[in-house]
Amino acid sequence: MKARLGFLNAVDPGVTEQEIFRLALQHAVTELGALGGLVHFSGPMSALRLVSAAGLPPSGTRVWEIVPQEGATAPARAVRGGGPVWVPAESSTGVFSGTGTAAVPVFGGDHAVGALTVLTGDHGEPTEEQWGFLRAVTAWIEERMGQAPPPARPRPPNWSGTRVREALEEIQVGSWEWGIRSGDMYWDEASMALCGVDPADFVPRIETFMKAVHPDDLPWTLAAVERAIRDRTLYQAEFRICRPDGTTRWTLARAKVVLDDQGEPLSMVGGWWGIEESYSAREALARALRHMSDGFLALDENWRVVFANLEAERTLGSFEEELLGRVLWELPRVRQVRGLEDRCRSAVAAAVPAGFDIRVPGTGRRYHLRLVPVREGTICYFADVTDIRRREAEREAAERAAAERAARITELTAALALATTSRDVAEAVARRVMQPFGAVGLIMQGIEGDRAYTVGAVGYPREFLDRLDGVPLREATPIWDSLLLGAPVFLSSAEEYAEHYPRHADWPREAGKQSWAFLPLTVAGRVLGSCTISFDHPRRLTGEERALLIAISGLVAQALDRARLYDSVHTRAQELQRGLLPRELPELPACTVAARYLPAGHDMEVGGDWYDVIPLSSDQVALVIGDVMGHGLSEAATMGRLRTAVHTLADLELPPDEIMSRLNDIVGGLGEDSYATCLYAIYDPTTLHCSFVRAGHPQLVVVHPDGSVHIPEQAPDPPLGAAEPPFETVQLALPEGSLLVLYTDGLVESARRDFDEGLSCLTGLLRTAPAGGLDEVCDALVGGLLPVDQQDIDDDATLLVVRVRGLPTDRIASWELPEDPRAAGEARLHVREQLAQWQLDELTMSTELLASELVGNVVRHAKGPIRLRLLRSADLVCEVSDGSLTTPRIRRAMDTDEGGRGLQLVAALSRRWGTRYTSTGKCIWTEQALPADSPDPATAADLM
């Protein structure tokens with residue numbers, strides 16, 4: 001069999017179709033030891049026409065010349081089913097009775113157009129090997145039919161004037177009528193004479209016409225018939241007639257389609273005549289041109305088609321008969337190409353050859369058109385360059401992709417160079433790597449002990465990442481394998497993942513991924529972590545892509561190594577910064593407080609911004625905010641010193657201006673380059689007054705309950721370290737519920753905005769601040785002054801917002817006392833009465849002793865005027881004021897001393913006590929805890 005197929009393949013290309021059929025049948029019949037073979041092709045009226053036979057006598061082939069395509073014969077079934085058919089000898093009927101038949105379809109394009117049939121006699125069904133041989137033979141037929149040159153169809157002669165009269169005299173024109181529906185076809189005597197048919201043998205059927213047409217010319221002849229019927233147009237065709245004496249004769253046939261009353265084709269009436277003109281020279285040239293692989297059109301000076309080869313017919317979707325004489329621009333396919341006429345006319349007008357590419361809409365094909373002006377008109381060549389241009393485009397796309405990848409590597413390198421934190425590295429990889437590779441997921445992990453932790457991730461659910469972080473590092477996972485081997489692990493599908501890691505086979509589904517690249521991140525043999533790039537569809541990365549990812553992993557590992565060092569130092573700096581700031585803000589009767597601290601964006605040095613809220617005696621509160629200029633450990637140390645100093649000085653309850661003077665001395669003693677700004681304020685809820693001092697610090701902003709915003713006017717003092725005391729103290733009277741806003745310059749001032757513009761923005765935000773809690777106010781101010789996309793700030797920013805409250809008047813009791821020994825008794829009386837009113841009888845005895853001792857000390861050691869005040873707040877406060885600046889001090893009394901034990905008694909009876917100085921003298925105060933079951937005065941008043 002191989003030898004026979006080799007012989008067939010050795011046949012020169014270009015042999016005629018009849019020779020192709022003859023060779024195929026000879027070898028098929030010989031190989032299978034069959035009686036004979038047949039080749040049928042589709043024709044009109046749902047029939048298969050015999051086009052070639054081998055091994056059978058003429059009398060035996062007559063009954064097989066026309067085979068109904070809908071019949072039960074082997075060739076008909078093979079064409080209908082598109083596959084091999086075997087009909088055993090005992091099952092055969094009709095023309096195939098008594099012989100087995102094996103038929104294999106012959107395809108033209110995507111459907112069967114004919115069949116090769118072998119008559120096996122009473123042999124059994126062909127073996128599998130023989131079936132394979134028959135299929136190989138039909139494949140050879142299909143291939144060689146595409147290469148076979150059909151006989152040239154002559155160009156119609158000029159049928160005008162004298163030539164017509166001469167022709168009519170020399171030829172006999174026959175006429176015929178064909179009933180399209182019945183299949184009957186009637187010829188006149190001239191037609192029978194033209195075909196050499198004896199009128200006694202004439203069968204008036206369409207099959208007689210089909211038998212008369214040369215087999216090589218039958219396909220286009222029948223196609224012209226079908227087009228005329230379908231389009232209701234004039235039928236015209238040139239073909240050869242096979243006469244009974246074995247000669248052939250060229251004929252030209254024309255006919256008209258006759259319609260019934262409903263407009264449907266009923267019959268066709270026409271004529272035909274012989275054309276004896278010699279075409280040998282033109283046929284030789286036509287054969288060469290018609291079988292060119294490129295399309296070829298000859299156009300006259302009016303752009304009419306005078307010649308078209310087979311490739312032109314195929315491309316333009318029309319047969320030569322439809323093309324000849326037509327203006328090029330009128331052809332349907334040409335009309336689809338917008339602007340083609342203008343381009344062609346412009347090219348030909350230059351009188352030099354020209355070429356350009358065109359696209360045919362709806363086909364996806366691209367052609368290169370070449371126009372050559374000649375004396376008689378224009379020669380047009382066109383070749384399908386779709387694949388060529390596609391390959392060129394693919395090559396250009398590959399080059400662009402390589403250039404883009406190189407550019408992205410450059411961009412990634414630059415982005416990684418700017419990345420400071422591990423999260424910055426992960427974000428840089430996500431922006432620069434995922435899109436070029438078409439990835440949808442990224443996980444970057446670092447290693448800590450025997451576990452991995454997620455540094456950054458894109459495209460994964462939070463639950464999956466939490467689960468991934470909980471897996472021990474040495475458990476069998478692709479990440480561990482890549483780290484253990486020090487080489488990437490590539491998995492191209494979920495099935496491959498499950499095959500290698502069955503314990504975690506559900507992970508692809510949970511993560512929504514289908515393929516992965518697991519890249520270890522190592523530097524100098526040290527394993528830092530891993531980078532996982534994933535896709536949402538199965539994908540096998542090419543060698544080039546894998547090499548690129550490996551190169552990228554090296555860059556990422558180096559960037560991650562630098563970022564981890566930064567993260568470590570930055571974390572320590574932040575911890576130091578947070579440690580120097582209040583861990584939590586106190587809850588005070590006098591006010592509600594909220595604060596925000598935002599460190600500089602990419603600075604690992606600690607800043608010098610700080611704030612504090614310090615409870616004082618009698619429900620007073622000290623508010624302080626400051627900014628040590630610069631960043632670094634020395635500035636942090638200065639901030640710590642100032643904060644400690646403020647706490648110490650605040651415990652002494654010194655006035656704000658004196659505290660600021662002491663702080664100025666501290667900063668001035670640190671060196672000439674040490675400076676700090678500070679604002680110190682004291683709020684008294686009993687008077688609703690606030691006094692403050694500021695040294696080079698931004699203004700305090702006050703928001704009244706009605707929403708109005710006020711900035712107290714004050715001439716600024718220089719910063720600490722450059723100031724010269726005394727400092728100016730400002731007194732403010734605040735309505736109940738007012739807001740005090742303290743801040744550092746980093747909140748309002750930046751490279752994009754000067755201080756005045758920032759302060760104006762701050763006051764505008766305060767006017768529209770939310771009416772909720774202070775946290776909402778802080779968030780609104782930070783969000784407005786430092787939007788999320790601009791929080792990469794150059795300086796630290798600190799914000800302290802305080803809502804003040806007043807102590808109700810019914811919780812304050814005050815009395816003037818005489819400057820003589822009677823004062824102590826009156827003090828005890830006032831205490832007894834007031835505590836009875838406040839229902840604090842449990843504290844009456846201890847409070848009487850405290851008031852009596854403090855008033856007695858004033859009478860003995862100080863001077864008037866004497867004033868007693870009781871405050872009921874979170875504690876019970878007892879105050880005794882006088883006009884002396886002497887400070888009482890506890891001393892150890894000897895056993896023989898008659899005095900010196902009063903302040904010891906005061907310390908024993910009170911939870912806390914102290915002295916503060918006023919503008920007229922001093923005040924000694926004590927605090928006692930209220931009983932747990934003591935009623936609130938407001939509630940008691942409601943009950944009464």
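This is a predicted model: local features need pLDDT of at least 70, side-chain atom pairs count only at pLDDT 80 or more; totals for chains, interfaces and linings use all residues.
A residue counts as buried under 20% relative accessible area, as exposed over 50%, and as partly exposed in between. L905 sits in helix 30, which covers residues 902-909. Together with M845 and L849, L905 makes up a nonpolar patch on the surface, and the three share about 290 Å² of accessible area.

Next come the aromatic rings. A pair of aromatic rings is described by the distance of the centres and the angle of the planes. The count for this model is 14 aromatic pairs. One of them joins W187 and F202, whose ring centres are 4.9 Å apart with 40° between the planes, making the pair tilted. W187 belongs to strand 8 (residues 185-187), while F202 is in the loop between helix 7 (189-195) and helix 8 (206-212), so this contact ties together parts 15 residues apart in sequence.

Y497 counts as buried at 4% relative accessibility, and W516 is buried at 6%. Rings can also gather into a group, and one aromatic cluster is formed by W187, F202, F209, F239 and W272. A ring can have a charge for a neighbour as well: the charged end of K513 sits over the ring of Y460, 4.3 Å from the ring centre.

Then there are the charged pairs. Side chains of opposite charge can pair when their charged atoms come close. The structure holds 37 salt bridges, and three of them are picked out here. In the bridge between D217 and R240, the closest N and O atoms are 2.8 Å apart. D217 is in the loop between helix 8 and helix 9 (218-231), whereas R240 is in strand 9 (residues 235-242), so 23 residues separate the partners and distant parts of the chain are linked. Both D217 and R240 are buried.

The bridge between R230 and D231 spans 3.3 Å from N to O. R230 counts as exposed, at 52% relative accessibility, while D231 is partly exposed, with a relative accessible area of 40%. R467 and E510 also meet in a salt bridge, this one at 2.5 Å from N to O. R467 lies in helix 18 (residues 462-469) and E510 in helix 21 (residues 507-511), so the bridge ties together parts 43 residues apart in sequence. Both ends are partly exposed: R467 has a relative accessibility of 36%, and E510 has 29%. Salt bridges can join up as well, and D357, R366, R389 and E392 are linked in a network of them.

What about the cysteines? A disulfide is a covalent bond between the sulfur atoms of two cysteines. How many disulfides does the count give? The count is zero. C344 counts as buried, at 1% relative accessibility. C690 is in no disulfide either; the nearest cysteine sulfur, in C591, is 10 Å away. At 0% relative accessibility, C690 counts as buried.

Along the chain, R181 and L266 are 85 residues apart, but their C-alpha atoms are separated by 6.6 Å.

Methods. Residues are numbered from 1 along each chain as its sequence is written. Side-chain values use heavy atoms; hydrogens and water are left out. Patches are made of residues with over 30% relative accessible area and no salt bridge: like charges are joined within 9 Å, nonpolar side chains (Val, Leu, Ile, Met, Phe, Trp, Tyr) within 5 Å. Accessible areas come from the Shrake-Rupley method with a 1.4 Å probe; for residues, only the protein chains shown count as cover. A salt bridge is a side-chain nitrogen of Lys or Arg within 4 Å of a carboxyl oxygen of Asp or Glu. Helices (H or I, at least four residues) and strands (E, at least two) are DSSP runs, numbered from the N terminus. Rings of Phe, Tyr and Trp (its six-membered ring) pair if their centres lie within 6.5 Å; planes under 30 degrees apart count as stacked, over 60 as edge-to-face and the rest as tilted. Buried means under 20% relative accessible area, exposed over 50%, partly exposed in between (1.4 Å probe, protein chains only). A charge sits over a ring if NZ of Lys or CZ of Arg is within 6 Å of the ring centre and within 35 degrees of the ring normal. A disulfide is a pair of cysteine sulfur atoms within 2.5 Å.
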